[in-house]
Amino acid sequence: LSRIPHLFESAAWGGEIRPILGYTWNSLTMLMNPILEFDFSSPFLTTPEFSPCFKFQYDTGHHYGLGLEYYAGLGVLDQVPGVTSQEHYLFAAYDLLGQPLELNVGIGKGLTDLANSWVAKAIIGFEL
């Protein structure tokens with residue numbers, strides 16, 4: 001459940017279901033997030049939007065991983081628009097592994113006209 005100021009999102013109230021499915025084989029990890037996003041701000045509950053994400057990571061064995069991440073915004077499930085009306089991004093990413101500090105940074109390129117051209121991202125967390 002989220003409340004986001006209108007400065008950042010048109011829908012103030014929303015939510016998402018974000019399962020994480022993963023598989024690790026030796027030094028390679030594959031992750032998938034089939035995300036369903038909900039808009040609770042409209043007068044009626046709308047069909048969720050589908051935003052799948054994928055990650056392929058190589059653990060270097062030196063407490064960091066390198067990988068590729070893919071993010072997409074495909075639109076409302078019952079009316080998925082054509083590719084040119086979707087957002088698709090590909091990121092090169094770095095992850096700090098096996099530490100109390102969680103760090104994921106990346107630089108990404110938009111693959112469609114609707115996507116931003118270049119994006120930098122960072123996720124920072126702490127293990128308690």
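Predicted model: local features only at pLDDT ≥ 70, side-chain atom pairs only at ≥ 80, totals over all residues.
I begin with the aromatic rings. A pair of aromatic rings is described by the distance of the centres and the angle of the planes. The structure contains five aromatic pairs. One of them joins Phe-38 and Phe-40: their centres lie 6.2 Å apart with 5 degrees between the planes, and the pair is stacked. Phe-38 is partly exposed, because its relative accessibility is 22%. Phe-40 likewise counts as partly exposed, at 42% relative accessibility.

How are the rings of Tyr-89 and Phe-91 arranged? Their centres are 6.4 Å apart and their planes stand at 40 degrees, so this pair is tilted. Both Tyr-89 and Phe-91 are buried. Ring pairs also bring in Tyr-71, giving a cluster of Tyr-71, Tyr-89 and Phe-91.

I turn now to the second largest pocket, whose volume is about 410 Å³. Its lining comprises 18 residues, and those closest to the pocket centre are Leu-31, Lys-55, Glu-69, Asp-95 and Asn-104. Which strand gives the most to this lining? That is β5, with four residues. At least two lining residues come from each of β4 (28-39), β5 (49-59), β6 (64-73), β8 (87-96), β9 (101-110) and β10 (118-126). By residue class, the lining of the second largest pocket consists of nine nonpolar, three polar and six charged residues.

How values were computed
Residues numbered from 1 in each chain as written. Heavy atoms only, no water. Phe/Tyr/Trp six-rings, centres within 6.5 Å; stacked < 30°, edge-to-face > 60°. Buried < 20%, exposed > 50% of the residue type's maximum accessible area, 1.4 Å probe, protein only. 1 Å grid on protein atoms, 1.4 Å probe; cavity = no way out; pocket = protein on both sides within 12 Å on 5 of 7 lines; lining within 4 Å. Points joined across faces, edges and corners; volume = space filled by probe spheres on them. Nonpolar A, V, L, I, M, F, W, Y, C, P; charged D, E, K, R; others polar.
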